[in-house]
Amino acid sequence: MTKSHPEISSTVGPSETLDPANWDDVRAQAHRMLDEAIDAIANIRAQPVWRPIPDDVRARFRDELPREPSELGDIYREYSEFIAPYATGNVHPGFMGWVHGGGNVVGMLAEMLAGGLNANLGGRDHMPIEVERQITEWTRTMFGFPESASGVFVTGTSMANLMAVWVARTAALGASVRQHGVGGEGALLTAYTSKAAHGCVSKAMDLAGFGTDALRNMPVDRSHRVDVEAMRIQIKRDRDVGLKPFLVVGSAGTVDIGAIDDLAALSALCRKEKLWFHVDGAYGALGVLSAALAPRLAGLENADSVALDFHKWGQVPYDAGFLLVRDQKRHLDAFAAPAVYLRRETRGLAAGSPWPCDLGPDLSRGFRALKTWFTLKAFGTEKLGAMIERTCALARYLEAKVSSEQQLELIAPAQLNIVCFRYRSTDADRINGEIVADIQEAGIAAPSTTTLDGKLAIRAAIVNHRTDTRDLDALLAAVLEFGLKRSAEDHAA
Ligand SMILES: *Cc1c(COP(=O)(O)O)cnc(C)c1O
């Protein structure tokens, strides 16, 4: 038989690890990198919020697979010149688009340490997992959940919402669903949320195999809170035709305008109807850290599960999503799966069960808990709560300025930290879309857009702890300037 592939030789060559030949060189380079990373954040105001990527820069990253090694200093230079300047811009105080956290230096340092430790938090008995358990315990306390609760870090709320659907599914159908799938009785399950819920809730229903048709998107009131009575009626109607309602997803801070559903009413409805009550608290749930905002989240403490992102209002560097489940048994029912190579022991490195891999779909997992632990300890929840409250006060400031400006129209009042408004003009949808792109390209600020009651609005979500009245003034001045310019162009045309 002819062998067509080269064989691995049994003579072991000289040691060629991936460690540096000269540790001092790497240390000097590392110090330079760290200094510059800190400088970049310290001097962020001097930079544009965002820069469009030049074609030649983009083209550089259509390069061939590197076969030969490169010097670290050269690679870092490429990073500094071609990657760092063209990042999203959410570290900048002028970033107000979508819902992005600003990160923080302490969290950045923790990321560096976590990289060095290279811990795998899928399982086994080591201290990094205790740090994740500590965060679970702190999060449980924040939300007033019982001691039976369990939690796990995930990428973000999109994943946490999907996992909540899986947990609710297993709670509704029993553990056998994991073997038989969601056919049969599973095909009858229906879930309920609001029209203003984040798109990932619908996607979660799709990915979990129920299909988006099984999700009822209930109407909302003027302030975008779900109509609980309409939901109650829909649940009854579905039951009457033989369907099996199993899940309600409430929103603690909708993504478009920051509306908080009546969580107490939803939790009462779920208790009465025996439905799983999940709260999408992606960014709003951490409002519990502010004494002024916490009462508006009343009812959250009764949820069966909560999804949240420490990387939004919590300012932990990306990514740091989290799922908290009221009853650990339910959580384990949905995900724990025995495997011979993951056997648990009562001593040695294989002790410490249950492991995080029993609480979600991932086995290998990084140390997201460390940057969250550093951030919570460095600032404390009081300061974080005050920062969160301040972003809401800034939204009020922006709202007042918009209201006092003839040329601007307030589209949605600031319920939390999001203001939606627009420049008054003919063809306003198109003009406002242009204004937003103009402002982004000029590097002045980075608002985004949304559509409310059929009107395209400029949306400023103030999430970043660095944002100040100066940034809001600059945004407004730019809206007025580009608005005038774009409207004049229209008239001239
Ligand atoms: C951001 C957000 C999500 C999605 O969270 P990711 O962390 O981006 O996956 C879901 N729901 C709401 C309300 C959000 O604001």
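Start at the largest pocket, which holds about 1200 Å³ of space. A pocket here is an open set of points on a 1 Å grid over the protein atoms alone, where a 1.4 Å probe fits, with protein on both sides within 12 Å along at least five of seven lines; the volume is the space filled by probe spheres set on the points, which are joined across faces, edges and corners. This is a predicted model, where local features need pLDDT of at least 70 and side-chain atom pairs 80 or more, while totals for chains, interfaces and linings use all residues. Residues are numbered from 1 along each chain, and side-chain values use heavy atoms, without hydrogens or water.

Helices are DSSP runs of H or I, at least four residues, and strands are runs of E, at least two, numbered from the N terminus.

Then go to Lys312, in the loop between strand 6 (305-309) and strand 7 (321-325). An unreviewed UniProt entry lists Lys312 as "modified residue: N6-(pyridoxal phosphate)lysine"; such annotations may be inferred rather than shown by experiment. Lys312 is buried, at 14% relative accessibility (buried is under 20% relative accessible area, with a 1.4 Å probe and protein chains only). Show its contacts, with heavy atoms within 4.5 Å: Val99, Gly101, Ala282, Tyr283 and Val463, leaving out residues up to four places away in sequence.

Conventions: 1 Å grid on protein atoms, 1.4 Å probe; cavity = no way out; pocket = protein on both sides within 12 Å on 5 of 7 lines; lining within 4 Å. Buried < 20%, exposed > 50% of the residue type's maximum accessible area, 1.4 Å probe, protein only.
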